[in-house]
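Dear colleague,

I am handing over the structure that I have been going through, and it is placed just below. My notes on what was found follow after it.

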Amino acid sequence: MSVSWPILSIVTFMPLAGVLFLLMIRGDEHILARNSRRVALWVSSFTFFLSLPLLFGFDSTIIGYQFEEKAVWLAGTGIGYHIGIDGISMPFVLLSTLLTPLAILASWKAIAHRVREYMIAFLVLETMMVGMFVSLDMLMFYLFFEAVLIPMFLIIGIWGGSRRVYAAFKFFLYTLLGSVLMLVCILVMYVDAGTTDIPALTEHQFAGSMQTWLFLGFLASFAVKVPMWPVHTWLPDAHVQAPTAGSMILAGVLLKMGGYGFLRFSLPMFPLASEFFAPLIFTMSIIAVIYTSLVALAQTDMKKLIAYSSVAHMGFVTIGIFTMTEQGIAGAMFQMISHGLVSAALFFSVGVIYDRLHTREISAYGGVAAVMPRYAVFFMFMMLASVGLPGTSGFVGEMLVLVGAWHASSWVAFFAATGLVLGAAYMLWLYRRVMFGAIINDEVKAMEPMQMREFSIFLPLSVLVLLFGVYPMALLDVMAVSIQFLLDGLSASGLSVLAAR
Amino acid sequence: MIYLLIVFLPLFGAIIAGFLGLYHRDRAAELVTVSALLLSLLLSVVTFANVAIGGVSETVNLGRWISSGSFVANWSLRFDTLTAVMLIVVTGVSSMVHIYSIGYMSHDSARARFMSYLSLFTFAMLMLVTADNLVQMFFGWEGVGVASYLLIGFWYKKDSAHAAAMKAFVVNRVGDFGFALGILAVYAMFGSVEFDVIFAQSSVIAAADISFLSYQLPALEVAGILLFIGAMGKSAQLGLHTWLPDAMEGPTPVSALIHAATMVTAGVFMICRLSPMLEYAPFALDVITVVGALTAIFAATIGMTQFDIKRVIAYSTCSQLGYMFFAAGVSAYPAAMFHLTTHAFFKALLFLGAGSVIHAMSDEQDLRNMGGIWKKVPVTYVMMWIGSLALAGFPFFAGYYSKDMILEAAYAADSAVGGMAFWLGCLAAFLTAFYSWRLLIMTFHGAPRASSKVMAHVHESPRVMTLPLLILAIGAVFSGWLGYELFVGHDMKQFWGSSIFILPTNLAMENAHHVPTWVKLLPIVLATSGVALAVLFYGYLTSMPARIAALFRPVYLLFFNKWYFDELYDAIFVRPAVRIGKYLWQRGDKDTIDGFGPDGISAFVYRLSGVCSRVQTGFVFHYAFVMLIGVVVLITWYYFRFEGV
C-alpha cells in the first residue's frame, strides 16, 4: 500500500511534538499537573490512532518492508534515514503505541510531583521505542536503542521507590555495558559492508569467524535487554523501584527489544554463528526458565515475583528464536506480544492495590477478592494468561515455542515445559496469598473498589489477550511471511538445522 | 447448528450468569444457566440418537485456531459415538447438578457466580469431548482444570479451600506437562495433531523410533505414555491422585459433577479416544493397566479408613477410575466407557446424596458425628442405598453390568498384567462393598452421635434437590441394563463404529463373554461378603473396627494417612522447591551474580578510588617522601640496567 504522506515518521515523532505542547503549559502546580496529564494522554492516544493504519493498511502477503521512507542523512557514507516495518516489527510498534496511553492513564493519580517532566519522559520514551522498531538503518537503530535508556533511567531514578537510585544505576550500567560492545560491532560491520542499511546488511555475507565475534557483541547487548540469565539481576530491582507505569512499559516493550534485536540482526546477519551458539542460548534460556521460576517462588514482594516471572517467560522467547523453526520463531514473537500485554496488566494489577495500601509485601494483603471483586476477575484472568491457559494469548506462544523446541531437541522441550508447572505454582501462590483467604489486615477491608479509570486500562488488555488466545491468526498471519522470508534467508546460507520444518 | 448449540449454550449461560452476578441477580442467573443446560441436554439426546444410534458421524469445522507452517490446530467439533456418549453423560449430570445447586446453595451469597462457574465448566468439558485434535483437547483439558480450580476454591475465604484449589491446579499441571510433551511427540512423528491423520497413520508409525531425551525409543510408546501422564493427572491416578481428596473442599454439587462424574473421567475418555493409536503401543497399554489396577486397590484401602463422608466417596471415585483405566489397558475400551457412563450416574447420585445429608446435618461431614437419621431423611436414605448397590455391583443395578464386564475382560485378556488387574480388581470390589456399607451404616443407622441441636434440625431436602437425585437414581438402576447390549453386548461393534478401534488380535472384549462361571460369580460373592462384613462390624460388633485397627496399627496408620503421599511430596517437592528458590535468590542472584557483577565491580571501583584518594594526603612531607623513593627507584633502575649492558 502506498501512502502519500510519511505516516511512519508521523507516528514516530508525534509524541515528541506532544512534548512541545507540554513545554508550553503554564499555570500553578495543580493546573500544570492536570493539564500535563491531559495533554500527554491526548497525544499518546492520538498517536495510537495514527498507528492504526499501519495495522489495517499492512499487507501481510508481501515480502519485505512496508511504509518505507528513505531520506538522505549523511550523504555518501552509506548511512541514511531509513524506516519501514515488516511483519516482525509492526506488532511491536502497535504494542508500544497501545501501552503508552495506558501507562499514562495508569499514572494518573500515582504521580503527584513533577508531573509535566514525568509526562515528557513518557512521550520521549514512546518516540524512542517506536523509532527503534521502525529503524532500517543500523546507526539509527543504535541511537534509538540507547536513547530509550535515558527516559527510563529518569523515570526510575526520579519517580521510583526508596532504593530508586541504586536500581536506576544498576539498570543503566548493565544495559550500557552491553551496548558499548554492540557499538563496536556496528562499527566493524560498517567497515566491512560499507553501509548501515539493515536490508543491505541482511544481504551482506559476513565471514564465518567475524560472525562469531559480531554475534557475541550483539548478544552482550540483547541478552541484557531480554534479560537472559545470568545478566537478569537488574530487572527485579528496576521493576520494584520503578513506578507502576514504568514497570508496564519496561516489561511490556523494553524487554522485547532484545528479542527483536535477535530477529533483526543476530539471526539474519550472523546465521552461522547463530547456529553455532544456539546450544549456549538454549542452556541459558532453560536455566532462566527453571532458575527464575524457583526464585519467583521464594519472593515476598509482588513486583519482584512478577519481574522474575518475566525472566522465565522471556526464556521461552529466546528458546523459540534459536530453534530457527517457523513455529519456534512465530511462537517467540507471539510470546513477546502476549507477554507485553499480560505483564503490563500484571504490573498494573500490582499498582492498583499498591496505590491503595502502599506496600508491595504479599503478606500485607489477603482476602482482597472480597473487597474488590471486579478487580479479582481481571487479575485472575491475567494470572491465568500468564500461566499459559489455552484460550488466552499466553498459551499460543508457549505451545509454538515448545513445538519448535522439540524440533531442536527433546531435552530443550522437556526442560522448557517444566516452566508450565513452576509457572502455575508461583502465580497461583501469589494470587492465593493476595486475593484469597480471610482478611487479616484492617486496611484491606477499607480498600476502595475498582475505579472506571482502572477498568478502562484492564479492559483493552483483557480483550486483546482473549482475542489472541481464541483467534491468534490475527497475529500469526501478519508475521508468517516475514518469518518465512527470514528462514529462507537462513537456509540460503546453508544451515543444516533447517533441513526440515 | 444443533451441534454448536450443545457446546456453546453453556458458555452463553456462564457469561450471562457472570454479568448477572455483578448485579446480584441470583435468581435470574439460575434460570438462565439451568435452561441453557436443559436445552443442551435435549439437543444432546437428539445428537445421541443421530450419531450413536443412527451411526452418522460428523465434524463441524469452525475455523483456524493456531496455524504456523505445518503445525495446524483448528477449532473443530467432532461428533462420533464416543463423543455422543460423553455428551449425554456431561449434559445429563451437569443439568441435574445445576438444578440441585439451586437448593443446595440457597443460603450462599454468590449463587450467580457459582452457577456461572458450573456452566463454564460444562462448556470446557464439552469442548474437551468434542475435540477434533489434541491441541483443542488440551484447551478443554485445561479449561476444566481452571473451572475446577475456581469451584474448589469457591469459598475462597476458607484457607483449606483455596489451598486445595491451588493444589488441584498444580498437580494437574504436572500431568499436563506430560500431555504437552505427548502432543509434541505426536506432532514430531505424524506432522499433525489431528485425530484423523494420527489414526490413519498409526499402523505405519508403529514400527518407528523417536529420539526422546537422547534415547531411541519406540515412537508410539513414548507418545502414549506421555499422554497417559496427562490422563493420570486429570483422572487422579496413583501418584498424581493427591489433589482429588482435597478437592472435596468445594461445594458438594461440584464434587458430584467434576470430581465424580465428568472431569475426572476425561483421562479415560482420552485413552479411549486414542485407541487407534494406543493399540499399536502395547507397552503403554500395559503401563495403563498396571497403574489403573494399583489405583483401584490403593484408593480402596484408604477409603476404608476415612471418616469424612465426601472423602470416602472421593477415594471410591479414584478407585473406580482405576477400573476404567485397566479396562482400557487390556483393550476393553467399550467396557471402560460403559463403566464411565454408569459410574457417572451412581457416583453423582452418591455425592449429591451425601450433599443432602450434609445439608440436613447443618454442614457436618464427619461420619463419627452422624448416625440414626434415616427416618428423618427417607428419600436421601433410599437414594444412598441405590447408589451404594450400584457401586458395589449388585445384580441388576448399573455397576453390576459394567464392573463385571471390566473384571471379565481383564481375566479374558489372558496376560500377566490382565491377571494382576483382575485379582486386584476383585479385591478392590470386596473393599468397595465394605466401605460403602460402612458409610451407609455410620451415616444413617445406630444411635445418633450428633448434638441434639443438630439432630433437631435434621430435615429432608427440598424437592429441587431430591428431584435430581431421583432422576440420577433411575440412571443408576437402569443404565447398566439398558446400555449393556449397545455398549458391550451384541450391538457393540455397530454402536461404536470407527470411534473405538481394537486390533483383531486383542481379544479381551470378545472373550469376556465366555469366561468361566466362577469368574462371573466371584465379584458378586466378594461384594456380598464385603457388605456382610461391614454390617457385622458397624451394625453389631461395633468395637471390632477399633480393635482390628489397633491390632494392625502400622497398616491402619498407613491407610488412614493415605500412604503418606502428601507428606512425601511435601518433603521432596514442595518444601525443597521453595528452599532452592530462596537459595538461588540469595546465594545465586545476590551473592554470586550481583556480587561479582555490578555490585562487586562498583564496590571494587569504589575501593580503588578510595585507595587512590588516600594517597593524596595533602602533607608536603608525604609527597616529598614518595618523590624521594621514586628518584631512588629510577636511579637504581638506570644503574642496574647499564651495569647489565
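Helices (H or I, at least four residues) and strands (E, at least two) are taken as DSSP runs and numbered from the N terminus. This is a predicted model, in which local features need pLDDT of at least 70 and side-chain atom pairs count only at pLDDT 80 or more, whereas totals for chains, interfaces and linings use all residues. Residues are numbered from 1 along each chain as its sequence is written, chains are lettered from A and ligands numbered from 1 in the order in which they are written, and side-chain values use heavy atoms, with hydrogens and water left out.

Cis peptides and positive phi values

Most residues other than glycine have a negative phi, and most peptide bonds are trans. In chain A, the loop between α9 (208-225) and α10 (234-241) holds P227(A), and the peptide bond that leads from V226(A) to P227(A) is cis, with omega near -15 degrees. P230(A) is placed in the loop between α9 and α10 of chain A as well, and the bond from W229(A) to P230(A) is cis with omega near 5 degrees.

R114(A), in the loop between α3 (90-106) and α4 (115-134) of chain A, is not a glycine but has a positive phi of about 50 degrees. With a relative accessibility of 49%, R114(A) counts as partly exposed, where buried means under 20% relative accessible area, exposed over 50% and partly exposed in between, for a 1.4 Å probe and protein chains only. H358(A), which belongs to the loop between α15 and α16 (368-371) of chain A, has a positive phi near 55 degrees and is exposed at a relative accessible area of 56%.

Hairpins

Two strands are said to pair if DSSP finds at least two bridges between them. In chain A, strand β1 (residues 66-74) and strand β2 (residues 79-85) run antiparallel and are joined by six bridges, with A71(A) opposite Y81(A) in β2(A). These two strands form a hairpin with four residues between them, and G76(A) in the turn has a positive phi of about 80 degrees.

In chain B, strand β1 (residues 58-68) pairs with strand β2 (residues 71-79) in the antiparallel sense over nine bridges, and V60(B) has L77(B) as its bridge partner. Two residues lie between β1(B) and β2(B) in their hairpin, where the turn residue G69(B) has a positive phi of about 60 degrees. Strand β3 (residues 209-212) of chain B has I210(B) and F212(B) on its covered face, and D209(B) and S211(B) on the uncovered one. β3(B) pairs with strand β4 (residues 215-218) in the antiparallel sense over four bridges, and F212(B) stands opposite Y215(B).

Buried residues and their contacts

Contact here means heavy atoms within 4.5 Å. Q327(A), in helix α15 (residues 326-357) of chain A, is buried with a relative accessible area of 4%; not counting residues up to four places away in sequence, Q327(A) touches residues including L400(A), V401(A), S68(B), G69(B) and Y187(B). L475(A), in helix α22 (residues 473-492) of chain A, is buried at 7%, and, leaving aside neighbours within four places in sequence, it is in contact with P91(A), F334(A), I337(A) and F468(A).

The second largest pocket

A pocket is found on a 1 Å grid over the protein atoms alone, as an open set of points where a 1.4 Å probe fits, with protein on both sides within 12 Å along at least five of seven lines, and its lining residues have an atom within 4 Å of a point. The second largest pocket has a volume of about 1100 Å³, that is, the space filled by probe spheres set on the points, which are joined across faces, edges and corners. Its lining has 33 residues, and V170(B), V171(B), Y569(B), F573(B) and V574(B) lie nearest its centre. At least two lining residues come from each of α13 (271-297) and α19 (410-435) of chain A, and α6 (159-190) and α26 (565-596) of chain B.

Chain B as a whole

Chain B has 28 helices and four strands, and 60% of its 645 residues count as buried. Its C-alpha atoms fill a box of roughly 115 × 65 × 60 Å, taken along the principal axes.
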